[in-house]
Amino acid sequence: MDKGTTTYTAIVIFNGVEYTDTLDVEDIESIGHNYDEPVFMWNDDGSNCVAMLVCQNNSTHIYVFGKDNVAITSAVITEATCLNKGTTAYTATVTYNGTEYTDTLEVEDIAATGHTLTHVEAVEATETTVGNMEYWYCADCGKYFSDEDGTIEIGYEDTIVKATADTSEVPLTSKESTDNTDSTSSKVTTNESNKKC
């Protein structure tokens with residue numbers, strides 16, 4: 001920074017008349033810069049960063065760290081999953097007068113992995129053993145799907161086909177309830193007379 005200036009004034013009096021003269025001298029040592037914490041400015045993707053130090057004594061005095069003078073490191077802080085992106089933390093570091101300054105930017109820039117689907121063939125149920133419908137399963141997220149593209153999610157229970165001898169009671173539909181007036185026919189069960197192999 002520039003030195004300060006002192007104005008010296010000389011005064012003489014002659015025959016009752018006062019005479020003066022002044023002299024400006026730059027004799028005050030500069031106080032030096034007093035910088036604030038740096039301001040970091042990032043690209044949206046974390047690939048580049050610049051930093052600025054602004055002097056508190058004179059805001060027109062700015063020290064700039066160009067992108068070539070800013071060290072950037074990165075670390076994955078959240079892994080990507082089947083459906084969600086992962087996050088990378090980018091850290092910028094600059095050093096001024098022996099003091100290190102850092103700033104961190106988090107960016108969701110790791111693409112979702114998508115489902116890794118295992119195809120399960122349909123298995124026909126028998127009288128005594130359950131079967132299953134054809135479905136696809138993602139071991140990464142534990143979800144089940146009825147289509148090979150993994151767009152139609154179903155529950156595990158939806159994949160199960162009951163054994164044909166299963167006598168679990170099945171409620172009538174509203175139409176069946178209307179058509180059957182006999183109270184003994186209010187429920188439908190699977191038994192030996194309607195069992196099919």
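1. Basis. This is a predicted model, in which local features need pLDDT of at least 70 and side-chain atom pairs count only at pLDDT 80 or more, while totals for chains, interfaces and linings use all residues. Residues are numbered from 1 along each chain as its sequence is written, and side-chain values use heavy atoms, with hydrogens and water left out.

2. Whole chain. The chain holds one helix and 16 strands (DSSP runs numbered from the N terminus: helices are H or I with at least four residues, strands are E with at least two). Of its 197 residues, 19% are buried (under 20% relative accessible area; exposed is over 50% and partly exposed lies in between, with a 1.4 Å probe and protein chains only). The chain exposes about 14000 Å², and carbon and sulfur atoms supply 49% of this area (Shrake-Rupley method, 1.4 Å probe; for residues, only the protein chains shown count as cover). Among contacts with a separation of 6 or more, 37% are between residues 24 or more positions apart (contact: heavy atoms within 4.5 Å).

3. Strand 3 (residues 39-42) runs antiparallel to strand 4, with four bridges between them (strands pair if DSSP finds at least two bridges between them). F40 has A51 of strand 4 as its bridge partner. Six residues separate strand 3 and strand 4 in a hairpin, and G46 in its turn has a positive phi of about 75°. Strand 4 is also joined by four bridges to strand 5 (residues 62-65), again in antiparallel fashion; here M52 is the bridge partner of V64.

4. Faces of strand 4. Which residues of strand 4 are on the covered face, and which on the uncovered one? C49, A51 and L53 form the covered face of strand 4 (residues 49-54), whereas V50, M52 and V54 form the uncovered face.

5. Y101. This residue belongs to strand 8 (residues 99-110). Y101 counts as buried because its relative accessible area is 16%. Beyond its neighbours within four places in sequence, Y101 has contacts that include E37, P38, F40 and Y96. Y101 and V39 are 62 residues apart in sequence, with a C-alpha to C-alpha distance of 9.8 Å.

6. V12. V12 lies in strand 1. V12 is classed as partly exposed because its relative accessible area is 49%.
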